[in-house]
Amino acid sequence: MSHVADTAQPASTTSVSNASSSPTPASLPWIERLVSIDTVSRNPNLGLIEMVRDALRARGIEATLTHGKGGAWANLFATIPAHDGATHGGIVLSGHTDVVPVDGQQWDSDPFKPEVRDGLLYGRGSCDMKGFIGAALTLVPQMQQTKLAKPIHLALSFDEEVGCVGAPLMLEELARRGVKPEGCIVGEPTSMRPIIAHKGINVYQCCVRGHAAHSSLTPKGLNAIEYAARLICYIRDMADQFREQGPFDDCFDVPFSTAQTSTITGGNAVNTVPAECRFAFEFRNLPTLDPEPIFARVEHYARETLLPKMQREHAAAAIEFTKVAAAPGLDATEQAAITQLVRALTGNHDKRKVAYGTEAGLFSLAGIPSIVCGPGDIQQAHKANEFVALEQLAQCERFLGKFIHSMSVDAHAH
Ligand SMILES: [Zn+2]
């Protein structure tokens, strides 16, 4: 794309070794630079954020950073104003900068040294979701050169992969500043097909406290594992109920809400009554279902049924819950302007709903109608040898080019 030739792009760090005839996407240098920075959620992302901030600053765009976790992690929000200087309204292009760990995975190349082989860009985050971020950054000069009727915003977050921890700080800051975008496109990998709904994520940790005793004297103790087991069975019964009785939405791959226990630890010796049992459980609710009453049922069963029984055995009895992570579901309407815009830009009108969560639910909850659409296949995310097809990146660039035009004064005049 010749109109992005003047972009201040970082130097390429990759040798392109494919013999494919498809042209190299203009966004490749930006994506390579992003993938080269190890932003696994447990590591600070500030290096990446500051690099993007500096690149935007070089083009006269001042970004706002919201820091978290002691300052070494940050979100970035930047606005390319409309031609009349307006910064309110407009559309957000959103992506998370963190990636999932590579521990224990067998990679054929260094996950943090991006490599193109046979038309595919390999590297951790190439698909989820530095491809989209790199494409958006590449097109910033085009956004600036276009006579925009409405502003375009860039939103980069941290800690999405550990339960959408970072984005709420950015959304609070936007609300404080009174910035109210009209819509948001979250560029998670969807093979550039619009996703209008996804489930919510609700993760809890539970600690059941009993009382230790020699295992020959069970009436003197209180067995924490046995009561944890009853609670776990209750959660499973709820899951069975979702499966049998719904509510259902057949547009989802798993068309009902789900629940499961995922980890458990407890006890310290075969001849000791266990004093403690900890387990983690989650609900993945259909977006039309409020997750709070679901959790309230578990909490109610623990407090009203199990705890009185436990206390009759020992006064030290306790059941404690901690919310570990929560991300609201997404349920965009077909009538929403952002849905219609992305449908028009992609020409794709299939009603797709997915089980995995994204930050689109958070943006929606904050009053910014959102939809998910980005390059790459979710099947390649989180795995060893994660990749994004160059063809997908090119498709994303074309999509963003059309998007920028749709925001222009020219497009609004028609
Ligand atoms: Zn992602």
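**A covered helix, a loop residue and a pocket**

Let's start with helix H1 (residues 28–36): the cover over its buried residues includes helix H2 (46–58), strand E4 (115–117), strand E5 (120–122), helix H3 (126–138) and helix H10 (390–406). This is a predicted model, where local features need pLDDT of at least 70, side-chain atom pairs count only at pLDDT 80 or more, and totals for chains, interfaces and linings use all residues. Numbering runs from 1 along each chain as its sequence is written, and side-chain values use heavy atoms, with hydrogens and water left out. Helices (H or I, at least four residues) and strands (E, at least two) are DSSP runs, numbered from the N terminus.

In H1, 7 of the 9 residues are buried (under 20% relative accessible area, 1.4 Å probe, protein chains only). They are Leu-28, Pro-29, Trp-30, Ile-31, Glu-32, Leu-34 and Val-35.

Now hop over to Asn-385, which sits in the loop between strand E15 (370–372) and strand E16 (387–389). Beyond its neighbours within four places in sequence, Asn-385 is in contact (heavy atoms within 4.5 Å) with Gln-106, Trp-107, Asp-108, Ser-109 and Tyr-122. A polar atom of the Asn-385 side chain lies 2.9 Å from the backbone nitrogen of Asp-108.

Ile-201, Arg-284, Tyr-356, Gly-357 and His-382 lie nearest its centre, among 24 lining residues. E12 gives the largest share of that lining, 3 residues.

Technical notes: 1 Å grid on protein atoms, 1.4 Å probe; cavity = no way out; pocket = protein on both sides within 12 Å on 5 of 7 lines; lining within 4 Å. Polar contact = N/O pair within 3.5 Å; in protein donor to acceptor, adjacent residues only side chain to side chain. Buried < 20%, exposed > 50% of the residue type's maximum accessible area, 1.4 Å probe, protein only.
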